[in-house]
Amino acid sequence: MAPPRVFPSVVHMLADAAARAPQREALVMGSERLSYAEYARCAAGLASELKSLGAAGQRVAFVLGNSLDICVAYYGTHAAGAQAVPLNPLYTPRELEQMLGDAAPLLVLYEPGAAGAVEPVAAALGIPHRWMIGAGGRRLTAWRADAGLEAAMPLPDPGSLATLQYTGGTTGRAKGVNLTHRAYAYNISQREALMPSRPDVERILCVMPLFHVYASHVCLHTAAYARGTMVILPRYHPEETVHALAGEKITIFAGAPTIYTSLLSYEGFARADLSSLYYSVSGSAALPATVLEQWETRVGTPIVEGYGQSEAGPVLTYNPLHGVRKPGSVGVPVPDTEVQIVDLEAGTRVLPAGEKGEIRARGPQIMQGYRNLPNETAETLRGGWLYTGDIGEFDSDGYLYIRDRKKEMVIVSGYNVFPREVEIVLYQHPAVREAGVIGAPDSYRGEIVKAYVSLKPGASATADALLAHCRANLAKYKIPSALEIVPDLPKTAVGKIDKKRLKSA
């Protein structure tokens, strides 16, 4: 299968949408709305100003939450020939110092709420330019009425660097992933081959943070590719999300497993008119099969689950929207991409279907490498393959199943335990809302399995009952040695259960 139309860059996508559908609604946030013509003008205006600062070939960081401004920041930065560096506005000064110090941007754009963290760090690092966006600062929508910018948007070199995406730093220091324009745009078309959008039709709801690669790929750039409308919420809230799904007649919804779990528990969800939904997307973490089944029963349209990571541009596999979808699987490789399962020791022996090992991949969407980290790049990119650090297996039909992170595998008395397997069993208990499983040090066995569980509203269960459920479904060495029932599990900024905070609890 070949991918559909491949643009040289996402800027080419926006320029094409503005030329074909200038008056179509492109972005919506509250009472603010931008047409494609206005969107392109804003991107061109920002690009012109950035080029006058000498931004071409440099980096532009933005510490911005969900807004019209961050959308313009992406496209304007790319159009200027600069590399976009999106960062979480909730980062502490320590976290920002490490990432901004590594990125060495020419300019940082930041929202007012991040000023207390950004300004002293940027000053200490000697970042030449700093713009506050919104409130008393400037807006990147200021060029919306400037018709002189109609055809003035510059188009970047497809082989140049487009984005510096920092990973979550699960192994300690966050690593900056270098992606080219060609890789970024090609991957959008690869995903479209398995999960096609409909031109001039889609209305996409974005509640996931746009500084993260999941939302920028599935929401921001999918909207431009399809000449559709992206409706933006500043953050996830169940009532506001349900109101937007129904009121804005959303056709594509992108969420994380924790969001789907939360919506299913929200009383207003059962009454909402969701008849406009075409499909939903789940990403950032594995979706429990029980949650998928409950959602599809309630809504009547599918959740499509895929797999990827920042280093992979980001998408490697998807369940085909118009083909066989397998609950629990992350689907089949996107076009022009090879995915293999290899042994955990050397990573050179390809394993057959049904055997677990490390996932490696190669294709045109793979990163160039990590910024300023040659050793880590050489370890991750070996022999033309991206070694993902994730553990998975293929079934006999070529569908991939993610079993765990290689670094999260727990070794109990010499036996490998994959926390994800234990979590799946816990999710099968009717009282369990969320489950997080980690390894904890043990002087006798090396490590033990420890589980944290939150319960569904109105449900009751004891730790002993949940452990009995595990004993009925798991080998003895996989059964948690400790299980705590907690009101809620900690989450990362993108809605994943935060294993690092569980380990430090």
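**Why these terms apply: helices, sheet and backbone**

Mentor: The crossing of helix H1 and helix H2 is left-handed. In this predicted model, local features need pLDDT of at least 70 and side-chain atom pairs count only at pLDDT 80 or more, while totals for chains, interfaces and linings use all residues. Residues are numbered from 1 along each chain as its sequence is written, and side-chain values use heavy atoms, with hydrogens and water left out.

Trainee: What makes the crossing of H1 and H2 left-handed?

Mentor: A crossing is left-handed if the near helix is turned anticlockwise from the far one by less than a right angle, and right-handed if clockwise. The crossing of H1 and H2 is of the left-handed kind. Helices (H or I, at least four residues) and strands (E, at least two) are DSSP runs, numbered from the N terminus.

Trainee: Why are H1 and H2 called oblique to each other?

Mentor: The axes of H1 (residues 10-20) and H2 (residues 36-52) cross at roughly 140° and come within 8 Å. Axes are lines fitted to C-alpha atoms, for helices over the stretch in contact, and angles run from 0 to 180 degrees between N-to-C directions. Angles under 35 degrees count as roughly parallel, over 145 as roughly antiparallel, 65 to 115 as roughly perpendicular and the rest as oblique. H1 and H2 are therefore oblique.

Trainee: Which residues of H1 and H2 meet?

Mentor: Leu14, Ala17 and Ala18 of H1 are in contact (heavy atoms within 4.5 Å) with Tyr36, Tyr39, Ala40 and Ala43 of H2. These residues divide into seven nonpolar, no polar and no charged.

Trainee: Is Arg227 buried or exposed, and how do you know?

Mentor: Buried means under 20% relative accessible area, exposed over 50%, partly exposed in between (1.4 Å probe, protein chains only). Arg227 has 12%, so Arg227 is buried. Ala104 has 39% and is therefore partly exposed.

Trainee: What is the phi of Arg227?

Mentor: Phi of Arg227 is near 55°, a positive value in a residue other than glycine. Ala104 also has a positive phi, near 50°. Most residues other than glycine have a negative phi.

Trainee: Why do S2 and S15 count as edge strands?

Mentor: Two strands pair if DSSP finds at least two bridges between them. Nine strands form an open sheet of mixed pairing, in the order S2-S1-S10-S9-S11-S12-S13-S14-S15. S2 (32-35) and S15 (332-333) each have a single partner strand, so one side of each is left without a neighbour in the sheet.

Conventions
Ala, Val, Leu, Ile, Met, Phe, Trp, Tyr, Cys and Pro count as nonpolar, Asp, Glu, Lys and Arg as charged, and the others, Gly among them, as polar.
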